[in-house]
Amino acid sequence: MLHDASILIYDGRIEQVGKGSGSSADVEIDGRGKIALPGLINAHTHLSMSLFRGYADDMVLQDWLQKKIWPLEAKLTGEACYQGALLGSAEMIMSGTTTFMDMYFHMEEVAKAVNQAGLRAILSYGIIDLFDPAKAKVEQKKSEEIFNFVRELNSPRIRFALGPHAPYTCSSDTLLWAKEFAEKNNVLIHIHIAETRKEQADSQKQHGCRIVEYLDKIGALSKKMVGAHCVWLTKSEVSLLGKSGVSVTHCPVSNMKLASGGVAPLPEMFDAGIAVSLGTDGAASNNTLDMFETMKVCALLHKAHRWDPTVLNAQKVLDLATIEGARALGMEREIGSIEAGKRADIILLDANLPNLNPIYGPDTVISDLVYSASSGNVNTTIVDGKVLMANRQLKTIDLGKSLASAQEIANKLSRG
Ligand SMILES: [Zn+2]
């Protein structure tokens, strides 16, 4: 960690990081009284679900999905998803997230919103074939269309990933198709794995084995795979994920709110060499996209669960949201730290606020960032060298307009 340092950015890249004021530049941002951090990485969300924030809470998962969320999702249009993605982008910029991985529908519209917002993203269309071969073909084709759309969009910040929703909603044919497509086109596979205990019980009934064992048996595990949740796993499943090079996205707030019951076995995942990232999940089950909150809850959850305050320290949690998150997404050479040669994804936190004072010294700053900081401290957000927010003013999104549009859509959706 550097004190009194400067960061030189050129052409979207970090050129130099050093002590002192550095060389002069065309544009200068005064960092006095601020803490610079690599932009946070939210490795699992459903951005457009920001529209459903607060619509249905405190319900059992299946009721929540079947009675509330799915009927509303059936009414979503491309325009609604665009507005939902813009609202979510505004929230991420304002809470210090610079890169995220998404899974949802109407992804062309999401890509347009994210491109406008200026965030870095990996976008996947959620494939659900429900074991119907005809539907599988349609869903695979839809994914290929989004793949082509993102390629033609030609944004250096936006990438495509395949999004087979989960082993319980996608056939083995689709999972194997995804693996082949991902390897051929060098893209990630974004999937939900073992979020609830029921999924494991169903897998035992349907396949005679546990979920990760099933994925291994059919040959679907891959270095390209990023599994969200991974809550209900045995040690041997963790070991299988490690051996196969699968990355994990831990979503502690969503797991606690939906009362998934278990706690993802993070220490065992670290021992198995798994790259673990953090995610918020969608705003319908969180209900924010706030990675500062997710970091703190992550640390507290594991301490409480293991009766061990040393099980996950502040530095490790910050790593999960930055450099380890980048590694989980195969982007550690580009983002995740403030180093010369990396893309300039940087946030500045205002340290002149009560919740970050006093500061005892460099050693305690990391603790301050995880346990005391909040999204309200984020003052400036920079992605690919471009300032998306300065002094808490958004530069790429008209916040008033975005809030009004989201409210209008919410009114329409709830009227039926
Ligand atoms: Zn999810």
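Q: Which way does α3 cross α4, left-handed or right-handed?
A: α3 passes α4 in a right-handed crossing. Keep in mind that this is a predicted model.

Q: What angle do those two helices pack at, and how far apart are their axes?
A: The angle is about 25 degrees, and the axes of α3 and α4 lie 10 Å apart. α3 covers residues 107-117, and α4 covers residues 133-153.

Q: So are they roughly parallel or roughly antiparallel?
A: Roughly parallel. That follows because angles under 35 degrees count as roughly parallel.

Q: Which residues meet there?
A: From α3, Met107, Glu108, Ala111, Lys112 and Asn115. They meet Lys142, Ile146, Phe149 and Leu153 of α4.

Q: Why would residues three or four places apart point the same way?
A: An α-helix has 3.6 residues a turn, so such residues point the same way.

Q: New topic. What holds the zinc ion, I mean which protein donors?
A: His44, His46 and His192 each give NE2, and Asp281 gives OD. These donors lie 2.1 to 2.5 Å from the zinc ion.

Q: How are they spaced in sequence?
A: The pattern is H-x1-H-x145-H-x88-D.

Q: Are His44 and His46 buried or exposed?
A: Both His44 and His46 are buried.

Q: Why is the arrangement around the zinc ion called irregular?
A: Because the 4 donor atoms subtend angles of 84 to 172 degrees.

Q: Last one, α14. Which of its residues are buried?
A: Val365, Ile366, Asp368, Leu369 and Val370. The helix runs over residues 362-372.

Q: And what covers them?
A: The cover includes strands β3 (34-38) and β12 (346-350). Helices α11 (291-306) and α12 (314-321) are also part of it.

How values were computed
Residues are numbered from 1 along each chain as its sequence is written. This is a predicted model: local features need pLDDT of at least 70, side-chain atom pairs count only at pLDDT 80 or more; totals for chains, interfaces and linings use all residues. Side-chain values use heavy atoms; hydrogens and water are left out. Donors are N, O and S atoms within 2.8 Å of the metal (3.2 Å for Na, K and Ca); water is not among the atoms, so sites may look incomplete. Four donors count as tetrahedral if all angles lie between 85 and 135 degrees; four count as square planar and six as octahedral if opposite donors are over 155 degrees apart and all others between 65 and 115; anything else is irregular. Buried means under 20% relative accessible area, exposed over 50%, partly exposed in between (1.4 Å probe, protein chains only). Axes are lines fitted to C-alpha atoms, for helices over the stretch in contact, and angles run from 0 to 180 degrees between N-to-C directions. Helices (H or I, at least four residues) and strands (E, at least two) are DSSP runs, numbered from the N terminus. Angles under 35 degrees count as roughly parallel, over 145 as roughly antiparallel, 65 to 115 as roughly perpendicular and the rest as oblique. A crossing is left-handed if the near helix is turned anticlockwise from the far one by less than a right angle, and right-handed if clockwise. Contact means heavy atoms within 4.5 Å.
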